[in-house]
Amino acid sequence: MKRQVALLITLFIGTLLVVSVFIPPMESLKETFTLFFDIIAVFAFFLGGGNLLRVHLTKLSKRKQDWVYSIVTLVGFTVVLVIGLFKLGNPGGIAASPTAEGSLFQTLFDNVLVPLSSTMYALLAFFVASASYRAFRAKNREATILLIAAFIILLGRTPFGMMLTSWVPNSLSILQIPNLAIWIMNSANLAGQRAIMIGIGLGVVSMSIRIILGIERTYLGEEK
Amino acid sequence: MDDQLYRQPVFRVFQIFLIIFTVLAGSIFAQDPAIGLTDSADVFVPAPPGAVKATDVVYDQGGAVDLEWELSPDDDGSLKVSGYYICRREVGGEDYRLVDSVMAGVRTFVDETVEQDHTYQYMVAVNGDCSTAPSEESNSITPDMEWLNFGLSNLFIIGLVICGSVIYFIAHAKRGKKFFIRKIAGLEAVDEAIGRATEMGRPILFVPGILDMDDVQTIAALTILGRVSRVVADYDTKINVPVSRSLVMTAARETIKSSYMAAGRPDAYSDDMAAYITDEQFGYVAAVDGMMVREKPATCFLLGAFFAESLILAETGNSIGAIQIAGTARPAQLPFFVAACDFTLIGEELFAASAYLSGEPKQMGSLKGQDVGKAIAMVFIVLGVITTTLAQAWDIGVFTWISDLLHDLFQVTS
Amino acid sequence: MKRSSIIIMLVVLAMFVISWLAKASSMAGVEDHNIWHGFLITFSAFLTLAILSFLYKDNPFYKFAEHLFVGVSAAYWMSMGFWTTIVGNLIPRISNSLSAFFEVPPIADEWALLLLPDSVTFFIPVILGIMLLLRLSRNMGWISAWPLAFIVGSTAGFNLVRYLRSDFIEQVSSTFVPLLVDWQGTGHFFSHLNLNASGQFVTMAGNWVIFLGVMCGLIYFFFSKEHKGIFGFGSRVGIWILMVTFGASFGYTVMGRISLLVGRLTFLFGDWLGLIS
Amino acid sequence: MFTPAPLLALSSSTIGVSISLGLVGLGMVWMLIRSLRARDVDRRIVFLFIFISVSAPILFPITFSETPTPVVKKLFDKVESLPADSKVLISFDFDPAMAPEVQPMADAFTRHCMAKNHKVIFMSLWATGQSLLNQTMRAVLVTEFPEKRDGIDYVELGYKAGNEGVLNVIVSNFRKMFPTDVNSIPLDSIEIFDKIKSCRDLDLIISIGGGKPGIKEWVLFVGDPTKTPIGAGVAAVVAPQLYPYYPKQLLGLLGGVKGAAEYESELVRHYPQFEEVDKPGLRMMGPQTFAHVVILAFIVLGNISFFVSRRRASR
């Protein structure tokens with residue numbers, strides 16, 4: 001029974017939202033449901049944040065490996081939560097935006113979160129290099145095509161691409177590497193992207209139907 | 001359509017009354033120099049704009065009116081006219097009030113400040129240097145709400161055909177029809193990858209992307225997690241599912257738990273298998289990276305919605321020598337997975353994976369339905385390309401017509 | 001702890017203090033809270049270096065940065081969720097007294113859903129949220145499947161039409177490309193045949209590649225037909241097209257990734273060390 | 001802002017560059033030898049190379065001379081070939097987030113037009129473009145061309161709300177949309193506008209942007225109906241979407257930092273007096289080019305070691 005109700009909810013809500021697209025009076029349903037989702041997600045924070053606290057407190061009390069760092073997480077979490085929820089150090093008081101200019105919360109964001117996340121993001125520069133060193137090898141036909149395409153585009157984005165091929169006459173200018181790079185981006189690259197997207201569109205439609213019809217129910221747990 | 005309502009006799013009479021009233025009011029208004037300095041001899045007064053036509057905006061909730069008028073004859077690109085004032089009043093009520101103004105040369109306006117089922121009249125006044133001249137009053141208009149959006153009928157038809165074929169093949173499979181489904185390399189490798197982790201005595205890492213449950217990719221990833229954790233339960237291997245959203249944590253726990261129950265090992269399940277890290281994209285990545293280098297999982301699954309972190313995770317996983325099975329429906333991240341992982345589920349394959357892994361005929365049937373969708377796409381692309389080519393190269397009427405028709409069919413206005 | 005690691009810790013600490021003092025004194029007279037700002041910049045630089053050190057190998061500084069990142073960011077998004085969603089969107093709709101307490105203007109009732117006012121319907125997510133929390137209870141835990149069913153159902157419902165529209169229908173129609181561009185007859189075509197990048201032939205070739213590429217790419221994704229014969233050839237070409245796509249997009253994004261590092265290094269060399277103007 | 005570097009700094013930067021180039025070069029040779037022995041390189045060495053190749057050009061600014069691609073060259077030549085006193089409109093259609101990529105282009109266009117003695121009209125379709133426009137005016141016009149006079153050599157129309165609606169109006173009449181310039185001086189009393197009524201009277205329009213409204217709108221609403229040549233500078237991500245308009249509807253296009261760098265280096269080639277001014281496009285290109293070359297070299301090395309090891313295995 002419990003599962004039946006859940007499947008009925010999915011069926012009802014799913015169908016309702018599909019149908020609502022075609023019915024103007026129900027247009028705002030989409031925004032309302034998005035808000036509903038956000039609100040439920042905030043409730044879920046209790047579970048997530050609670051779990052975070054539990055994991056690190058256990059680590060700390062049982063003196064598991066690296067328990068010292070759990071103190072860092074716990075202190076960071078508690079301090080920021082208190083500052084954030086009570087708007088401590090916010091010049092505008094309770095009515096101000098939590099991220100108001102000059103607030104402690106925003107200062108923390110600018111000086112702790114920004115350097116951390118942008119450096120993490122910047123690691124990509126290194127990983128892009130190591131991945132291309134390892135992956136772009138002419139192991140087989142597919143890998144060779146991947147390699148050639150990447151090489152032409154990369155070369156086309158440096159001054160050397162033009163330098164190497166600037167002698168090519170205008171009537172053959174597609175063979176100049178920067179032009180070739182643009183041409184590839186606008187033809188083969190576009191074709192591949194479109195084929196992938198059309199496939200994704202169908203995949204999502206089929207997956208959604210399976211969910212709405214209750215055929216796909218893994219997230220609810222298997223039948224006992 | 002509820003137009004019918006207004007066709008009832010009572011409303012007819014009311015409408016006729018309104019029209020008479022309108023004409024009367026209009027003529028009175030026109031004589032009354034309410035706006036502008038019309039009498040002064042040395043002030044240029046532009047000629048008033050022509051007839052104002054008000055129509056209800058279709059397929060909405062009744063909150064908008066379309067206006068169209070003829071430009072004032074003096075609005076010829078010279079500087080004599082600076083713009084138009086749009087004025088509105090409710091029929092039978094107050095005076096005209098200014099709604100908005102538009103620049104010279106503009107002949108249409110959409111008034112989105114009206115309320116449903118009220119009746120309005122409009123007037124457009126042309127604005128000269130220091131004088132205005134009003135148009136005649138418009139027809140009265142009652143914005144109403146439509147119950148069906150016929151503007152989306154092509155979306156409806158295409159959706160019906162595609163959903164229909166998916167459902168048809170699901171039903172077909174239910175009756176016992178077996179379909180051929182080709183092998184999907186990444187999925188064939190799942191069992192082997194889990195077996196490898198078991199042999200090496202190392203854990204399995206499953207990353208379900210960084211988006212919440214409101215993204216289909218996350219749900220697809222969780223359904224695959226269901227199959228993976230079933231095998232994991234059988235093999236008695238350790239599985240770690242770090243997640244970046246609390247809701248995903250809840251759903252992942254539910255999924256793993258039921259897999260363990262199904263495998264007959266509810267005792268081996270623990271909530272610690274799925275743990276929430278943080279909502280912050282790169283904070284999550286930092287923690288998962290740390291987890292990778294410290295616990296050295298033998299197998300990493302990177303399935304779901306990924307953004308820039310795709311390559312950071314895949315490269316770190318690669319550096320610890322893990323077998324990596326990745327998959328996403330974000331085209332921008334696929335190249336990185338292809339470059340750095342052993343197997344990649346490309347777009348549609350991610351959604352097909354759960355059906356494929358389940359082995360249930362019903363689910364396999366839906367894959368056949370998707371193929372029908374692809375066939376339809378291919379047929380229409382061929383038709384569209386041929387007719388567009390013929391229409392453009394030789395300008396043959398019938399092909400232009402078909403090509404326009406196809407463009408309209410696959411053109412969705414919101 | 002090993003002696004060497006203690007020494008490293010002490011050295012880093014000493015360098016931190018030196019940098020802090022140097023930064024604070026260099027800002028004296030320019031900034032009001034120079035000690036505080038000196039600390040902030042030094043701390044940012046320390047965190048930047050701690051994350052970069054992961055490239056060499058896992059180490060205590062990275063662990064510190066990672067754990068700080070997790071704790072601070074989880075709390076950050078939780079606070080933001082509370083203020084923007086609960087205080088920003090829920091409370092103004094359901095309670096006037098609470099809105100007054102949080103000094104947010106109440107949002108007027110709209111009768112959007114099921115012909116009920118928002119002040120009633122917005123209790124639905126609250127109830128579902130509480131159901132979700134019941135997961136913590138032993139007896140009522142099963143009920144948390146209902147909010148999940150609600151969420152999954154709405155995700156499926158939304159995305160079905162959205163993806164059908166933007167990924168299927170729009171991509172199909174944008175593939176209606178003319179295979180003959182600027183066609184002025186066969187004679188004109190051959191007499192003007194060249195490989196100029198913006199010439200007729202190259203533009204046409206691009207459209208042919210798009211047309212055939214999309215077709216072959218779709219053949220690759222066919223699940224229910226064996227990839228043999230003509231179909232197999234089509235699917236092979238499809239893979240090649242996908243490989244060109246992946247290679248090209250990879251190559252194209254490299255530049256953006258490098259700029260990110262330029263940004264970080266400019267912070268380290270400029271804002272922190274003051275080596276560049 | 002540029003401050004002339006003392007001799008010492010200049011030489012130290014040259015030394016720094018040579019040392020880092022030497023390091024990277026020697027390292028590459030060492031790795032080539034390793035690759036020929038079919039030995040793979042540790043990823044950390046790859047990381048080190050990227051670090052050096054990105055930080056060296058930041059610490060010791062070096063610039064590579066760029067050869068302009070035809071899309072850029074065509075636009076440059078247009079500005080160059082217009083006779084003095086031609087009327088050029090530059091529209092700043094971007095926000096601060098995009099500015100690092102496209103503001104260098106705006107500066108370069110302004111510099112070029114001023115050097116050619118064109119009459120320049122500045123405007124913006126983005127509210128946030130106004131302050132960026134002021135930045136360029138301060139950095140380029142006021143500092144480098146103090147002799148140019150507002151209203152005679154250039155005029156700032158500023159921002160007007162209305163997005164493509166603005167274009168719809170100025171395509172037939174400027175005064176209707178902009179009765180005055182940004183300083184409230186009526187257009188009728190501004191010399192430049194004596195002979196300008198609408199966009200038809202302009203000799204060139206340059207839009208710099210990357211979002212909506214932007215280049216596409218300029219092409220559709222102004223370029224196509226009036227046949228006034230339009231050039232553009234855009235962020236790298238949107239450049240591929242605009243290539244279909246080139247060369248028919250768009251005269252030329254600068255895409256991303258690379259496009260800016262190409263234009264800057266072409267400018268210096270024609271006007272050596274700009275050798276000394278700050279060229280952010282070229283400056284940003286240094287690390288990018290260096291890193292790209294290192295990555296390309298690594299791809300080559302990887303393939304060498306792959307083929308050598310395969311040959312050995314087959315023996």
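This is a predicted model: local features need pLDDT of at least 70, side-chain atom pairs count only at pLDDT 80 or more; totals for chains, interfaces and linings use all residues.
Residues are numbered from 1 along each chain as its sequence is written, chains are lettered from A and ligands numbered from 1 in the order in which they are written, and side-chain values use heavy atoms, with hydrogens and water left out.

**Exercise 1. The contact of chains C and A**

Task: Find how many residues chain C and chain A bring to their contact, and what area is buried between them.

Solution: Begin with the contact itself (heavy atoms within 4.5 Å), which takes 113 residues from chain C and 113 residues from chain A. Next, take the buried area, that is, the accessible area (1.4 Å probe) that two parts lose on being put together, summed over both. Between chain C and chain A this area is about 10800 Å², and carbon and sulfur atoms give 82% of the area.

Then turn to the polar pairs. The polar contacts between chain C and chain A number 19 residue pairs (both at pLDDT 80 or more); a polar contact is a pair of N or O atoms within 3.5 Å, where within protein one must be able to donate a hydrogen and the other to accept it, and residues adjacent in sequence count only if both atoms are side-chain atoms. Among the helices of chain C that each supply at least two residues of the side touching chain A are helix H2 (34-52), helix H3 (60-94) and helix H10 (229-272); helices and strands here are DSSP runs numbered from the N terminus (H or I, at least four residues, for helices; E, at least two, for strands). H3(C) gives the most to this side of chain C, with 27 residues.

Finally, sort the residues on that side of chain C by class: 78 are nonpolar, 27 polar and eight charged. In this division Ala, Val, Leu, Ile, Met, Phe, Trp, Tyr, Cys and Pro count as nonpolar, Asp, Glu, Lys and Arg as charged, and the others, Gly among them, as polar.

**Exercise 2. A salt bridge between chains**

Task: Determine which residue forms a salt bridge with Lys63(C), and where the two partners lie.

Solution: A salt bridge is a side-chain nitrogen of Lys or Arg within 4 Å of a carboxyl oxygen of Asp or Glu. The structure holds 30 salt bridges over all chains, and the count between chain C and chain A is one. Lys63(C) pairs with Asp66(A), their closest N and O atoms being 3.2 Å apart. The pair crosses between chains, from Lys63(C) in helix H3 of chain C to Asp66(A) in the loop between helix H2 (29-61) and helix H3 (67-86) of chain A.

**Exercise 3. The contact of chains C and D**

Task: Describe the contact that chain C makes with chain D.

Solution: Chain C gives 17 residues and chain D gives 19 residues. The two chains bury about 1700 Å² between them, 78% of it on carbon and sulfur atoms. Chain C and chain D have zero salt bridges between them, and two residue pairs in polar contact (both at pLDDT 80 or more) are found across their interface. The side of chain C that touches chain D has twelve nonpolar, three polar and two charged residues.

**Exercise 4. The sheet of chain D**

Task: Give the strand order of the six-stranded open sheet in chain D, and name its edge strands.

Solution: The order is E3-E2-E1-E4-E5-E6, with parallel pairing; two strands pair if DSSP finds at least two bridges between them. The edges are strand E3 (154-159) and strand E6 (252-255) of chain D, each pairing on one side only. Within the sheet, six bridges join strand E1 (residues 87-93) to strand E4 (residues 204-209) of chain D, and the bridge partner of Leu89(D) in E4(D) is Ile205(D).

**Exercise 5. The sheet of chain B**

Task: Explain why strand E10 and strand E13 of chain B are each left without a neighbour on one side.

Solution: This open sheet of six strands has the order E10-E9-E8-E11-E12-E13, with parallel pairing. Strand E10 (274-276) and strand E13 (343-346) of chain B stand at the edges with a single partner strand each, so one side of each has no neighbour in the sheet. Strand E12 (residues 323-328) of chain B pairs with E13(B) over four bridges in the parallel sense, and Gly327(B) stands opposite Leu345(B) in E13(B).

**Exercise 6. A loop residue**

Task: Locate Gly50(B) and list its contacts beyond its neighbours within four places in sequence.

Solution: Gly50(B) lies in the loop between helix H2 (9-31) and strand E1 (52-56) of chain B. With neighbours within four places in sequence left aside, Gly50(B) is in contact with Trp69(B), Glu70(B), Leu71(B) and Ser135(B).
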